Amino acid sequence: FCGKLNIILICASVHSTFFYKLMHVLIVKTSDYVVCVCLRCVDVCVCVLAGVQGAENGLEKFSNVLADFTHYSEFKTLASFSYGEKYATMNFVSSIEFERDQDFFATAGVSCKIKLYDYNAILSNPLSNLSCHVSELAHSNKISSLSWNPFHKSLLASCDYSGKVYVWDTANPSLLQLFQEHKERTWSVDFNNVNPQLLASASDDNSVRLWQTGVEHSVSYVRAPANVCCVKFHPEREHFFAMACIDHCVHYYDVRNTNAPLFVLRGHNKAVSYCKFMSNNELVSASTDGHLKLWNIDKLQCLQSFSGHINERHFVGMATSEDYIMCGSENNSLYLYLKGISKPLINYKFEGPQSLLYPEVHQDDEVDFVSAVCWRKVSGTRKGNVGCIDMYFFPYMQPPCTSYV
């Protein structure tokens, strides 16, 4: 595997297909080691590494990757429900987010409405084609993104195709503040994880604007080299944020000096649609080149490139949770990646909601795709996370799209 390493692999129960069927073989590669494992007898596989500096660390890393790789094997649908009106022509969901305590989640999309749902109520009625939201907030235009305030449970930000940015009180459903400085469509909004009053928005007008609740105008402005599809604050560093642009790059800024980025991450071949942090020094980007990339922002290097899903045209959603990355696909499937492995860990093909809830309506799989995904974090479980919620839409069908938990 590597001329610099002396690797001996012993498999206690060698299969005749081991050497030529790659579907049964897992290859794990880091800067220290390369290990090949037969997945059909992984529990009896013995790996011996010789002449490798830091071999113990390599084996520990491999052990962690293998534990995560074998921990999950499938997705299970817990509930499904309809979103939007039955005879609306366009109902797809562009964003879905859980609030701070994970009890409620909000969805938004081209229906120009934000709908709030009680998670436990959804699970108590696992298959419903009726509207089951607890409250609703109206926009004047199609909604592209949502962001909950990490400190104030009821504070929700949203943005839409008109370029407006909204801040809502969802406890007593009302609009608290409206920002109107973007000249074109806004794609993304994000609350700061350290400063509860600070939020950012990204727009087609080649800019990111920083806002402060209670202040009428933007408090800072970043001129981007191209349309900005996504903006995300660092999880712990108040003054830093990343933005994904159609120039194929991710730009990383310090809000205290917005004249130029601290660095630019290059590697995608098409527009970058999402950027999300996995940890304090790791960031994931998604592009319409059909790849996800994991970056170390301290070393400024790409650690891994992930492929397997289909993404050439649409926003298909992307969410991270510790070592896991989840994204949608243009083949109407959900994909789960483990950061140590470049190919999907699990994928799940959805039945179209028309055939599930409205069987009389013909369905064309070619126009169905997952459009938004989100993790629900639960304390007391392994890695603090369980399950996911995904939303997807059917752009040329009459009935509403369906949401799956």
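The following legends describe close-up views of a predicted model of one protein chain.

**Figure 1. Overview of the predicted chain.** The protein chain contains 3 helices and 33 strands. Of its 405 residues, 54% count as buried. The chain exposes about 18,100 Å², and carbon and sulfur atoms supply 50% of that area. Among contacts between residues at least 6 apart in sequence, 50% join residues at least 24 apart.

Figure 2. A search of the whole structure finds 16 aromatic pairs. In one of these, the ring centres of Phe 98 and Phe 105 are 5.2 Å apart and the planes meet at 55°, so the pair is classed as tilted. Phe 98 and Phe 105 are both buried. Phe 98 also pairs with Tyr 119 in an edge-to-face arrangement, with 5.7 Å from centre to centre and 70° between the planes. Because Phe 98 belongs to strand 6 (residues 93-98) and Tyr 119 to helix 2 (residues 119-124), this pair ties together parts that are 21 residues apart in sequence. Tyr 119, like Phe 98, is buried. One aromatic cluster is formed by Phe 98, Phe 105, Tyr 117 and Tyr 119.

**Figure 3. Charged group of Arg 185 over the ring of Tyr 161.** The view shows the side chains of Arg 185 and Tyr 161. The charged end of Arg 185 sits over the Tyr 161 ring, at 5.1 Å from the ring centre.

**Figure 4. Lining of the largest pocket.** The largest pocket holds about 910 Å³ of space. It is lined by 29 residues, of which Glu 97, Asn 193, Lys 232, Thr 320 and Lys 377 are the closest to the pocket centre. At least two lining residues come from each of strand 6, strand 11 (143-148), strand 15 (186-191), strand 19 (228-233), strand 23 (272-277), strand 27 (318-321) and strand 31 (369-377). Strand 31 gives the most to this lining, with 4 residues.

**Figure 5. Positive phi at Leu 300.** Leu 300 is not a glycine, yet its phi is positive, at about 55°. The residue is placed in the loop between strand 25 (291-296) and strand 26 (301-307). Leu 300 has a relative accessibility of 46% and therefore counts as partly exposed.

**Figure 6. Positive phi at Asn 332.** Asn 332, a residue other than glycine, has a positive phi near 60°. Its place is in the loop between strand 28 (324-328) and strand 29 (333-338). With a relative accessible area of 0%, Asn 332 is buried.

**Figure 7. Surroundings of Gly 328.** Gly 328 is found in strand 28. Its relative accessible area is 0%, so Gly 328 is buried. Leaving aside residues up to four places away in sequence, Gly 328 touches His 309, Val 316, Gly 317, Ser 333, Val 370 and Val 373.

**Figure 8. Leu 78 and its spatial relation to Ile 122.** Leu 78 is found in the loop between helix 1 (55-71) and strand 5 (80-83). A relative accessible area of 43% makes Leu 78 partly exposed. Leu 78 and Ile 122 are 44 residues apart in sequence, and their C-alpha atoms are 9.2 Å apart in space.

**Figure 9. Surroundings of Val 208.** Val 208 has its place in strand 17 (residues 207-212). The relative accessibility of Val 208 is 0%, so this residue counts as buried. When residues up to four places away in sequence are not counted, Val 208 touches Ala 200, Ser 201, Ala 202, Ser 220, Tyr 221, Val 222, Val 228, Val 231, Phe 241 and Met 243. A separation of 6.8 Å is found between the C-alpha atoms of Val 208 and Arg 223, which are 15 residues apart along the chain.

How values were computed: Residues numbered from 1 in each chain as written. Predicted model: local features only at pLDDT ≥ 70, side-chain atom pairs only at ≥ 80, totals over all residues. Heavy atoms only, no water. Buried < 20%, exposed > 50% of the residue type's maximum accessible area, 1.4 Å probe, protein only. Contact = heavy atoms within 4.5 Å. Areas by Shrake-Rupley, 256 points an atom, 1.4 Å probe, with all protein chains shown as cover. Phe/Tyr/Trp six-rings, centres within 6.5 Å; stacked < 30°, edge-to-face > 60°. Lys NZ or Arg CZ within 6 Å of the ring centre and 35° of its normal. 1 Å grid on protein atoms, 1.4 Å probe; cavity = no way out; pocket = protein on both sides within 12 Å on 5 of 7 lines; lining within 4 Å. Points joined across faces, edges and corners; volume = space filled by probe spheres on them.
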